[in-house]
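Subject: Structure handover

Hello,

Here is the structure we spoke about, for your use. My notes on it follow below the files.

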Amino acid sequence: MKSQASFWEADVSKNRYDLIVVGAGIVGLSSALFYKRKHSEKQVLVLDRASHPLGASTRNAGFACVGSIGEHLADMEKESEKNIGRRIIRRYRGLQLLKETLGEKAIGYEACGGYEFFNSQQKFKEVAPEIDHFNGWLEELLGEEGVYEAQRLEGYPVIYNRLEGALHPGKMMQELIRKTSESGVEIRWNAPVQEVGSSGEVELQNGESSSLILKGQNVLMAVNGFARKLLPEIEVHPARGLVLVTDEQDVMPWKGTFHHDRGYIYFRNIGNRLLIGGARNIAVEEEETNQFGINERIKDYLIGFVSNVLRLPPGWQIDYEWSGIMGFTPTKTPIVERVDGCRYIAAGLSGMGIAIGMDVGRSAAEMMD
Ligand SMILES: Cc1cc2nc3c(=O)[nH]c(=O)nc-3n(C[C@H](O)[C@H](O)[C@H](O)COP(=O)(O)OP(=O)(O)OC[C@H]3O[C@@H](n4cnc5c(N)ncnc54)[C@H](O)[C@@H]3O)c2cc1C
């Protein structure tokens, strides 16, 4: 790579960082924080292309969840029970790590529980007989007794999960940025990385015609759904997710976090507002993109669900709508590995990054010198 920077700019940037992390989402910042805590003398830099984390970490639904029985059963059609057991442990421990590291208050954590929601009695009858088996299994895996329980809510059958909760992703990232900066990590915003070379050269694009090359002893790419832009061969596929938030309702019957249809649809309350998202499965190919945007078909579907199934009173409105970009691996297991030379990757959180993001970041920090 040839530098287009001035001699002076290049001169001050030629000192090698011990670690450069590309991407300031939950994974990138956690990797930098845990690496710096272990190696306080080392120089660590985090680069993000935007003025704030712009992928999934501040654009998600804020579910702190270990998974519904329906989701685990669907995963078992593709993966071994052993792998799914490992993932449940990772989600559970990842949430503990997140709460311990940042503090429950700082991330707006609410131990409200999670519900698997069924609008068909037949679907409920397929899943409910598994409750005892899953309770035994989670007791073995996590040492937690009686995790799942069948209940009824607003006339619908639900399976309650007492381990789950909700948090405020904006506050979570704010606190993570604060703690990471405080540890001595340098964070640069508006710093889009064009290319990462196997010897640790990181090319930053500044406007149309100027670029700057930084050097890292180790370079970690933590860009999740955007990973293929830097590593076209990597098996992390982008997936866009849509979220809607309603106006304040006089009464909010849906309190807590809710999963429906194997986790494809999710909803929760934010005070007296309803947040609903997902339904990516009705337009899988269209949503395999790393471009932000609103899919009107999915939006209409979610609106219909709120009116007809959740039955918010007529006249409810959408106050916020946004999309975020996730990264999925074929098995939903994240890729945390050395690519070659100085290059490492931690990506493919597969829609579970609140639960596993900090743990993935810590594993990434441990694999580098
Ligand atoms: C709509 C939606 C709802 C979700 N809901 C939940 C939920 O309720 N619970 C849960 O556990 N998970 C949820 N997730 C998933 C979770 O948010 C992600 O798994 C997690 O945030 C991924 O974190 P990350 O750090 O790997 O990636 P990201 O947060 O996407 O961070 C990647 C960062 O890399 C930066 N970047 C990209 N390319 C470059 C470049 N070339 N140069 C410099 N910087 C770059 C981006 O700006 C971004 O800040 C949801 C995701 C979405 C989209």
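Is E175 buried or exposed? With a relative accessible area of 13%, E175 falls under the 20% cut-off and therefore counts as buried. Please keep in mind that this is a predicted model.

**Salt bridges**

Side chains of opposite charge can pair when their charged atoms come close. Searching the whole structure gives 19 salt bridges.

While E175 is buried, K179 is partly exposed at 22% relative accessibility.

R297 and E286 form another salt bridge through their side chains, with an N to O distance of 2.7 Å. This pair links distant parts of the chain: R297 sits in helix α9 (residues 296-309), and E286 is in the loop between β15 (273-278) and α9, eleven residues apart. Both ends are partly exposed: the relative accessibility of R297 is 42%, and E286 has a relative accessible area of 44%.

Helix α9 also contributes K299, which forms a salt bridge with E321. Here the closest N and O atoms are 2.8 Å apart. Because K299 lies in helix α9 and E321 in strand β16 (residues 318-328), the pair ties together parts that are 22 residues apart in sequence. K299 is buried, its relative accessible area being 15%; E321, at 35%, is partly exposed.

Beyond these pairs, a network of salt bridges links E71, D75, E79, R87, R91 and K332.

**The ligand site**

How many residues surround the ligand? There are 38, and the closest are D48, L54, S57, F63 and I354. By class, the shell consists of 24 nonpolar, eleven polar and three charged residues.

- I26: a backbone N or O atom lies 3.2 Å from an oxygen atom of the ligand.
- G62: a backbone N or O atom lies 3.4 Å from an oxygen atom of the ligand.
- V193: a polar backbone atom is 2.9 Å from a nitrogen atom of the ligand.

On its own the ligand has 1,000 Å² of accessible area, and the protein covers 97% of that. The elements giving two or more residues to the shell are α2 (26-38), β12 (237-246), β16 and α10 (353-367). Strand β16 is also where E321, the partner of K299, is found.

Why does the ligand lie between domain 1 and domain 2? Domain 1 (7-58 + 170-235 + 331-367) and domain 2 (111-162 + 238-328) both give residues to the shell around the ligand, so the ligand lies between them.

**One further residue**

T257 is part of strand β13 (residues 257-260). With 0% relative accessibility, T257 counts as buried. From T257 to Q121 the C-alpha to C-alpha distance is 20 Å, and the two are 136 residues apart in sequence.

Regards

Definitions and conventions
Residues numbered from 1 in each chain as written. Predicted model: local features only at pLDDT ≥ 70, side-chain atom pairs only at ≥ 80, totals over all residues. Heavy atoms only, no water. Salt bridge = Lys/Arg side-chain N within 4 Å of Asp/Glu carboxyl O. Buried < 20%, exposed > 50% of the residue type's maximum accessible area, 1.4 Å probe, protein only. Helix = DSSP H or I, 4+ residues; strand = E, 2+ residues; numbered from the N terminus. Near = heavy atom within 4 Å. Polar contact = N/O pair within 3.5 Å; in protein donor to acceptor, adjacent residues only side chain to side chain. Areas by Shrake-Rupley, 256 points an atom, 1.4 Å probe, with all protein chains shown as cover. Nonpolar A, V, L, I, M, F, W, Y, C, P; charged D, E, K, R; others polar. Domains from an automatic or database assignment.
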